[in-house]
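Good morning, everyone, and thank you for making the time.

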Amino acid sequence: MPTNFSAKNKMNKFKHKHSLGQNFITDEFLLEDIADESGITKDDYVLEIGPGNGALTRCLCDRAKYVVAVEIDKTLLPLLKSNLKDYKNVSIINADFLNYDFQNIINEFKETGANITSPTVGADIIRPIKVVANLPYYITSPIIQNLLQNPYISDMTLMVQKEVAERIVADPNTKDFGILTLACNYFADTEMIMIVSKDCFFPKPKVDSAVVYFKKHFSHTNYSDNNYEKLFKLIKASFAQRRKKLLNSLINAGYSKEVLISAFDKLHFDENVRAENLSLDDYKNLLTLLCSYSYNE
Ligand code: SAM
């Protein structure tokens, strides 16, 4: 492992940008732990979003076959390049991840000889890229949505705010269970793997963080899929007034009362059930029944 991490002076002069979520990890043990928990090996192609000063990137390079790191802040590049100069298995891209063509990231891996083909629909779909990142908190949700829907990505190890992590891994019947939980459940199995004190960062954020591991399901490659749109239209309508009974929320959203009562009856849902009481499978079953009624009308 290269030991030259000599850019401390440059780091001291760097002015962190709150607007870009620049809270860098300062705890060396935590960096190693995150890289270990991600389970990446010398066979893996890894994408890091927001490498910052490159401290986590170094741990990833030590373990991965190749790392592509996408950093929005041009002023970090000299520091980042200096901190990664001993590594041959890393490319840095200066871009806004959310507005960057993912094909360019694939091409970056391909240039190293990686055999990355387009994932195909089917039971044994191969997803060639893993993601590890301490996410910029101001865009956590859009990045997670983007990664969940990206068919090239097999799994993600992501640091997020603790409150967000609790919503991602929440169980039904809890206050944290909601649209974010169901969206994550649709694409992946999730697990909170560690809670991280705000003292492990500089500058110190106001809240604690947590690392969540996402293991993507093998199916769901067709993300413009009509069922997905319909399912999340139903779920959003259900949670629009989460304190109300689900039946009333859906009636208010324009679903037919008679059809809903009949569907609830068939699915053995209590008429007083609320949005957070149903699992993803319950919502899928409800949608199937609602669709079957509209076909029969
Ligand atoms: N990886 C470093 C660490 O763990 O210490 C820094 C993580 S810091 C929480 C988030 C990083 O994401 C910052 O370096 C920030 O400049 C970068 N960033 C913010 N918005 C971004 C975007 N849209 N695309 C790529 N990087 C972004």
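Predicted model: local features only at pLDDT ≥ 70, side-chain atom pairs only at ≥ 80, totals over all residues.

Let me begin with H268, which is exposed because its relative accessible area is 73%, where exposed means over 50% relative accessible area, buried means under 20%, and partly exposed is what lies in between, with a 1.4 Å probe and protein chains only. Residues are numbered from 1 along each chain as its sequence is written, and side-chain values use heavy atoms, with hydrogens and water left out.

Coming back to H268, this residue is in the loop between helix 11 (257-266) and helix 12 (280-296); helices here are DSSP runs of H or I with at least four residues, strands are runs of E with at least two, and both are numbered from the N terminus. H268 has a positive phi of about 60°, although it is not a glycine. Most residues other than glycine have a negative phi, and most peptide bonds are trans. In that loop between helix 11 and helix 12 we also find L267, which counts as partly exposed because its relative accessibility is 22%. L267 and N285 are 18 residues apart in sequence, and their C-alpha atoms are 7.7 Å apart in space.

Where else does a residue other than glycine have a positive phi? That is the case at N173, with a phi near 75°, and N173 sits in the loop between helix 7 (162-168) and helix 8. N173 counts as exposed because its relative accessibility is 54%. Helix 8 itself, residues 179-187, is mostly covered, since seven of its nine residues are buried, among them L180, L182, Y186 and F187.

Next, please look at the bond between F202 and P203, which is a cis peptide bond with omega at about -10°. P203 lies in the loop between strand 8 (201-202) and strand 9. The C-alpha atoms of K216 and D155 are separated by 5.6 Å, although the two residues are 61 apart along the chain.

T140 is in helix 6, which runs over residues 140-149, and T140 counts as buried because its relative accessibility is 5%. Its C-alpha atom is 8.7 Å from that of Q161, a residue 21 places away along the chain. D101, in the loop between strand 4 (90-94) and helix 5 (102-110), counts as partly exposed because its relative accessibility is 48%. The side chain of D101 reaches the backbone nitrogen of Q103 at 3.0 Å, which is a polar contact, that is, a pair of N or O atoms within 3.5 Å; within protein, one must be able to donate a hydrogen and the other to accept it, and residues adjacent in sequence count only if both atoms are side-chain atoms.

Finally, let us turn to the ligand. How many residues surround the ligand? There are 23, and the closest are I25, G50, E71, D96 and Y138, where a residue is near a molecule if one of its heavy atoms lies within 4 Å of it. By class, this shell has 13 nonpolar, six polar and four charged residues, with Ala, Val, Leu, Ile, Met, Phe, Trp, Tyr, Cys and Pro counted as nonpolar, Asp, Glu, Lys and Arg as charged, and the others, Gly among them, as polar.

The backbone takes part as well: a nitrogen atom of the ligand is 2.8 Å from a polar backbone atom of G50, a backbone N or O atom of I72 lies 3.3 Å from a ligand nitrogen, and a polar backbone atom of F97 is 3.0 Å from a nitrogen atom of the ligand. The elements that give two or more residues to the shell around the ligand are strand 1 (24-25) and strand 3 (66-71).
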